[in-house]
Amino acid sequence: MTVLVETKHQTNYTLIQMDDGKANALGFELLAQLNVALESAEEAGKPVIICGRPGKFSAGFDLAVMGQGGEEMIKLLRAGESTSRRILNFPAPVVLAVTGHALAMGALLLLSADYRIGVHGAYKIGLNEVAIGMTLPYFGIELARERLATAHFTPAVSLARVSDAAGAVEAGYLDEAVSEEDLLERAIAMAEQFSSLDMDAHNRTKARTREQLNAALEQAVHKELGGR
């Protein structure tokens with residue numbers, strides 16, 4: 001098995017790195033390995049940093065699967081939605097070190113995390129589904145409705161507006177942006193800061209603040225996938 005996701009347990013945080021050597025397309029194997037890493041991180045009970053490879057956080061779903069439609073597409077959509085919600089409801093703080101491009105499902109991962117740090121440069125962040133002939137899934141629309149700034153919602157989901165890091169901060173995909181050389185250091189600093197929180201209180205409070213969003217996501221998944 002090719003290792004696509006590596007996990008490193010540190011004193012105050014767990015570092016998870018996705019690297020498929022290409023665009024970090026979210027296919028079945030990468031998502032499966034990411035979930036194994038999240039399971040390990042949850043057992044550790046510490047804040048988590050998820051990062052991509054240099055220049056690429058994630059280009060979104062594997063288009064080779066999504067393009068064929070049918071049951072395989074449904075299965076991948078379900079796997080992506082499940083991973084997104086796992087990050088959204090993770091019991092410890094989740095920090096994303098967004099190492100470059102984050103598009104489509106990659107951008108939805110940004111909308112699922114607690115704290116997102118991007119990098120300045122010629123990188124694109126956004127929900128570009130309608131530009132590549134895909135309909136944004138209902139769960140993605142609900143995430144965008146909740147996490148994006150109101151004025152950016154329609155341009156993002158219906159007009160495929162993508163942004164650089166500064167624009168992504170304004171829109172709500174990112175909380176801040178730094179230079180590439182400072183990214184991991186900044187992500188570690190935030191994870192270290194969050195490690196001082198009471199994790200039980202954090203988890204319970206997160207559950208309360210995201211109760212309505214989780215209910216909306218349940219309805220979205222039922223509308224999209226039904227019993228499939």
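Predicted model: local features only at pLDDT ≥ 70, side-chain atom pairs only at ≥ 80, totals over all residues.
1. Strands S5, S8, S10 and S11 form an open sheet, in the order S5-S8-S10-S11, and the pairing within it is mixed. Strand S5 (55-58) and strand S11 (162-163) stand at the edges with a single partner strand each, so one side of each is left without a neighbour in the sheet.

2. The whole structure contains 11 salt bridges. One of them joins Glu218 to Arg85, with the closest N and O atoms 2.9 Å apart; because Glu218 lies in helix H10 (residues 211-225) and Arg85 in helix H3 (residues 70-88), the pair ties together parts that are 133 residues apart in sequence. Glu218 is partly exposed, at a relative accessible area of 46%, whereas Arg85 is buried, at 17%.

3. A salt bridge also forms between the side chains of Lys206 and Asp114 (2.9 Å, N to O). Lys206 belongs to helix H9 (residues 199-209) and Asp114 to the loop between helix H4 (105-110) and strand S9 (115-119), so this contact ties together parts that are 92 residues apart in sequence. Both Lys206 and Asp114 are buried.

4. Arg186 and Glu176 meet through their side chains in a salt bridge (3.0 Å, N to O), with Arg186 in helix H8 (residues 183-194) and Glu176 in strand S12 (residues 176-178), 10 residues apart. Arg186 is partly exposed, with a relative accessible area of 31%, while Glu176 is buried, with 15%.

5. Finally, a network of salt bridges links Glu39, Glu42 and Arg86.

Technical notes. Residues numbered from 1 in each chain as written. Heavy atoms only, no water. Pairing = 2+ DSSP bridges. Helix = DSSP H or I, 4+ residues; strand = E, 2+ residues; numbered from the N terminus. Salt bridge = Lys/Arg side-chain N within 4 Å of Asp/Glu carboxyl O. Buried < 20%, exposed > 50% of the residue type's maximum accessible area, 1.4 Å probe, protein only.
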